[in-house]
Amino acid sequence: MAHPPAPPLVIDESDLAALQAIARAPTSEQRLVTRARIVLRSGEGAAIDHVARELGVAVMTVKLWRRRYAEAGLEGLADAPRPGHPPTYT
């Protein structure tokens with residue numbers, strides 16, 4: 001049995017403009033562009049599996065970034081801190 005579709009993600013107007021700018025800017029990091037596109041498509045009401053196929057990512061990736069945006073807004077799209085000693089460059 002298929003899962004029910006996820007409700008559309010609610011995106012603030014200020015966040016919407018910032019997400020669109022990230023997705024369009026040629027100098028944005030590609031992982032941030034993908035995250036912004038996931039949130040934008042989810043805000044339009046697209047199904048999770050459709051967004052995953054469209055952007056070439058896993059369904060769990062779409063679920064992750066939907067949840068992180070819903071919990072923390074734009075700040076949630078940034079990389080989480082990684083454990084361990086920070087890399088040392090000489």
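**Helix packing in a four-helix chain**

The buried residues of helix 2 (buried: under 20% relative accessible area, 1.4 Å probe, protein chains only) pack against helix 1 (13–24), helix 3 (48–55) and helix 4 (59–72). This is a predicted model, in which local features need pLDDT of at least 70, side-chain atom pairs count only at pLDDT 80 or more, and totals for chains, interfaces and linings use all residues. Residues are numbered from 1 along each chain as its sequence is written, and side-chain values use heavy atoms, with hydrogens and water left out.

**The chain**
- The chain holds four helices and zero strands, in the order α-α-α-α from the N terminus; helices (H or I, at least four residues) and strands (E, at least two) are DSSP runs.
- The C-alpha trace spans about 55 × 30 × 25 Å along its principal axes.
- Of the 90 residues, 30% count as buried.
- Among contacts (heavy atoms within 4.5 Å) between residues at least 6 apart in sequence, 48% join residues at least 24 apart.

**Helix 2**
- Helix 2 covers residues 30–43, which is 14 residues.
- From first C-alpha to last it reaches 20 Å, close to the 20 Å expected, where the expected span is 1.5 Å times one less than the number of residues.
- Its buried residues are Val33, Arg35, Ala36, Ile38, Val39, Leu40, Arg41 and Ser42.

**Helix 1 with helix 2**
- These helices pack at an angle of about 135°, with axes 8 Å apart; axes are lines fitted to C-alpha atoms over the stretch in contact, and angles run from 0 to 180 degrees between N-to-C directions.
- Helix 1 is therefore oblique to helix 2, since angles under 35 degrees count as roughly parallel, over 145 as roughly antiparallel, 65 to 115 as roughly perpendicular and the rest as oblique.
- Leu16, Leu19, Gln20, Ile22 and Ala23 of helix 1 meet Leu32, Val33, Ala36, Arg37, Val39 and Leu40 of helix 2.
- The residues of this contact divide into nine nonpolar, one polar and one charged; Ala, Val, Leu, Ile, Met, Phe, Trp, Tyr, Cys and Pro count as nonpolar, Asp, Glu, Lys and Arg as charged, and the others, Gly among them, as polar.

**Helix 3 with helix 4**
- Helix 3 and helix 4 pack at about 110°, with their axes 8 Å apart.
- That angle makes helix 3 roughly perpendicular to helix 4.
- In helix 3, Ile48, Asp49, Val51 and Ala52 meet Val59, Val62, Lys63 and Arg66 in helix 4.
- Five residues of this contact are nonpolar, none polar and three charged.

Methods. Buried < 20%, exposed > 50% of the residue type's maximum accessible area, 1.4 Å probe, protein only.
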